[in-house]
Amino acid sequence: MWGWIYAAAFLAAFGGSVAFKMKHDPFGGEFKTDWNDSVGRVYTDLTYGKGEAHKFDLYVPADDSAGSYGLVVYLHAGGFTSGDKSGDAGMLQWLCSKGYVAAGINYTLAGEKHPDASVYSQSIEIKKSIPYVIAEAEKLGYPIQEMAVSGGSAGCCLALLYAYRDAEASPVPVKMVFGAAGPSSFYPEDWKWYMENMIKSNPMKVRKGF
């Protein structure tokens, strides 16, 4: 009985945490900017594949005179089952205002609509997207010299996977990874209890193995 109580409490806290992160700005507006054409421009829903979710938004600074630029990728939160790149527009605009090319990337969310989606498949999508992001930036006149990858919660987990597993495949050097509240263990046994109870209690019925 206590096990079920603990599981229910954990899942309630998890769900509340995801909703809170999606709508609350923990930095009190510190990482926001007055976005306009003098700061930069955004190109939305650029594609990196044929899937419905295979899209990214690219933010480029107004100053296009530099010889090269740094890219910062910020991946959205949502517990691997929800969220969208548009929810991080404020962060991406702020990064762009500092002179970086910034990108928010969508990935296929796990759930009834996509029962085969998993943390692994999402990480492969991110790996696949990076060359497209860099090529698009260069096409717009922003040659990328190096990059950082980051995100919140689920996005942080995917950022860590890219930085520590896929960096060697990156078209440019990955110089930094940062994020907030992202799960950092990639051992399946560490996820077993969490996933078993999430599958039992989550109405979306995320498939086992996610």
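How does Trp35 count by relative accessibility: buried, partly exposed or exposed? Trp35 counts as partly exposed, because its relative accessibility is 23%. Please keep in mind throughout that this is a predicted model.

1. **The aromatic partner of Trp35.** A search of the whole structure turns up two aromatic pairs. One of them joins Trp35 and Tyr59 in an edge-to-face arrangement, with 5.7 Å from centre to centre and 70° between the planes. Trp35 sits in the loop between α1 (2-23) and β1, while Tyr59 belongs to strand β2, so the pair ties together parts that are 24 residues apart in sequence. Tyr59 has 4% relative accessibility and therefore counts as buried, whereas Trp35, at 23%, counts as partly exposed.

2. **Overall make-up.** Five helices and six strands make up the list of elements in the protein. Read from the N terminus, their order is α-β-β-β-α-β-α-β-α-β-α. Of the 210 residues, 42% are buried. The protein exposes about 11100 Å², and carbon and sulfur atoms supply 56% of that area. If you look at contacts between residues at least 6 apart in sequence, 72% of them join residues at least 24 apart.

3. **The sheet.** The six strands form an open sheet with mixed pairing, in the order β1-β2-β4-β3-β5-β6. At its edges are β1 (40-47) and β6 (174-180), each of which pairs on one side only. From one strand to the next, the twist averages 20°.

4. **Strand β5 and its two partners.** Strand β5 covers residues 144-152, and seven of its nine residues are buried, so I would call this strand mostly covered. On one side β5 joins β3, with seven bridges between the two parallel strands. Within that pairing, Leu71 has Met147 of β5 as its bridge partner. β5 also pairs with β6, again in the parallel sense, over six bridges. Two places to look at there are Val149, whose bridge partner in β6 is Val177, and Ser150, which stands opposite Phe178 in β6.

5. **Helix α2 across the sheet.** Which residues of α2 are buried? They are Met91, Leu92, Gln93, Trp94, Leu95 and Cys96. The cover over these buried residues includes β1, β2, β3 and β4. After the helix comes Gly99, with a positive phi near 100°.

6. **Cysteines.** How many disulfides does the structure hold? The count is zero. A disulfide is a covalent bond between the sulfur atoms of two cysteines. For Cys157, the nearest cysteine sulfur is that of Cys156, at 7.5 Å, whereas the cut-off for a disulfide is 2.5 Å between the sulfur atoms. Cys157 counts as buried because its relative accessibility is 1%. Cys96, in helix α2, likewise counts as buried because its relative accessibility is 1%.

7. **Lys128 in helix α3.** My last point concerns a lysine in helix α3 (residues 119-139), namely Lys128. At 38% relative accessibility, Lys128 counts as partly exposed. Which residues does Lys128 contact, once its neighbours within four places in sequence are left aside? The contacts are with Tyr48 and Gly49.

Key:
Residues are numbered from 1 along each chain as its sequence is written. This is a predicted model: local features need pLDDT of at least 70, side-chain atom pairs count only at pLDDT 80 or more; totals for chains, interfaces and linings use all residues. Side-chain values use heavy atoms; hydrogens and water are left out. Two strands pair if DSSP finds at least two bridges between them. Helices (H or I, at least four residues) and strands (E, at least two) are DSSP runs, numbered from the N terminus. Axes are lines fitted to C-alpha atoms, for helices over the stretch in contact, and angles run from 0 to 180 degrees between N-to-C directions. Buried means under 20% relative accessible area, exposed over 50%, partly exposed in between (1.4 Å probe, protein chains only). Contact means heavy atoms within 4.5 Å. Accessible areas come from the Shrake-Rupley method with a 1.4 Å probe; for residues, only the protein chains shown count as cover. Rings of Phe, Tyr and Trp (its six-membered ring) pair if their centres lie within 6.5 Å; planes under 30 degrees apart count as stacked, over 60 as edge-to-face and the rest as tilted.
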